[in-house]
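Let's go through a few of the labels on this model and check each one against its cut-off.

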Amino acid sequence: MNITSQIKQPILNEMELFEKKFFESMSSNVALLNRITYYIVNRKGKQMRPMFVFLTAKMVSDGIVNERTYRGASVIELIHTATLVHDDVVDDSNRRRGFFSLNALWKNKIAVLVGDYLLSKGLLLSIDYGDFDLLRIISVAVREMSEGELLQIEKARRLDITEAVYYEIIRKKTATLIASCCALGAQSVIEDEVQVKNMHLFGELIGMAFQIKDDLFDYTEDAIGKPTGIDIKEQKMTLPLIHVLNNCTPKEKSWLINSIKNHNKDKKRVKEVIAFVKNNNGLAYAEQKMLQFQQEALQLLVNYPDSPFKDALILMVNYVIERKI
């Protein structure tokens, strides 16, 4: 059994029912929309976000979930899907999870409108049932994700990102959505502000570790045995690079910035940058920070009684930093 299946084991029934409810939540009277949402549903990813919702809900409530939990998971997935559709348009990307993206098949205009439709469906699902507490959690996440993307764009132009700004960017861009999954799962089944905040922080810490792991992929060997260097080509400031930039000589820093700004399409130069970052402790430093976030996340689970749901969450935290893709 692979690790994703192991994590899903204690919530198999919930995930099966969730898939039906999620598909229903996207339905429309417009045939074109239904065709597109059918395409989306049949090309789903690992579904980590709904898994976080159900596992958190069951861990804090001795195994109980309710209709609010299903609605919360659907809202998260609707809004997450909407952001992915919009991201593909913004990035002019033609592939998503190995399949054609919506904008590649149906053009940008339709993709943007479908993203808007999914966003509104998510909001209405909460409003129709009076789940305003859940809506607040997810709305904060959407606001922060937009801020994080814009902050990254603003800072990337000057390549002057400090480590503190980097953490703020990834907290908003990546961690806030996972944090909202965990907070939403808890909020759907219990009325305990302290535990909801605890779960929000738990998700945030996992999200931070998750993003740093993504940063590291750019420098580690991929399936064809070569580092990819995609982030460098796209002038993305990642933690290994930021650490080295802030700890090298002025001459080395000038060479690095010049390489990223003016020679990011030169394969030989990109390889040299990757080697420089590796040789100057960039990867080791980022790995150490990733493990720190992971340990802080695990610490937040210590006081919860042992259960299959807690075990699955621990497995999920470890999977985040041990995954190969």
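Q: Is Asp-131 buried or exposed, and what makes it so?

A: Asp-131 has a relative accessible area of 2%. Buried means under 20%, exposed over 50%, and partly exposed in between, using a 1.4 Å probe and protein chains only. Asp-131 is therefore buried. A word on the source: this is a predicted model, where local features need pLDDT of at least 70, side-chain atom pairs count only at pLDDT 80 or more, and totals for chains, interfaces and linings use all residues. Residues are numbered from 1 along each chain as its sequence is written, and side-chain values use heavy atoms, with hydrogens and water left out.

Q: What makes Asp-131 and Arg-68 a salt bridge?

A: The term asks for a side-chain nitrogen of Lys or Arg within 4 Å of a carboxyl oxygen of Asp or Glu. Here the closest N and O atoms are 3.3 Å apart, so the pair counts. The partners sit in distant parts of the chain, 63 residues apart: Asp-131 in the loop between helix 6 and helix 7, Arg-68 in helix 5 (residues 67–90). Helices here are DSSP runs (H or I, at least four residues), numbered from the N terminus.

Q: How do you know that Glu-168 and Lys-172 meet in a salt bridge?

A: Their N to O distance is 3.5 Å, and that falls within the 4 Å limit. Both lie in helix 8, four residues apart, about one turn of the helix.

Q: What about Arg-171 and Glu-204: why does their contact count as a salt bridge?

A: The closest N and O atoms are 3.8 Å apart, again within 4 Å. This pair also links distant parts of the chain, Arg-171 in helix 8 and Glu-204 in helix 9, 33 residues apart. Arg-171 is buried at 18%, and Glu-204 counts as buried at 18% too.

Q: Which residues are linked in a network of salt bridges?

A: Arg-143, Glu-144, Glu-147, Glu-168, Arg-171, Lys-172 and Glu-204 are. A search of the whole structure finds 14 salt bridges.

Q: Why is Leu-123 called partly exposed?

A: Leu-123, which lies in helix 6, has 33% relative accessibility, so it counts as partly exposed.

Terms used: Helices (H or I, at least four residues) and strands (E, at least two) are DSSP runs, numbered from the N terminus.
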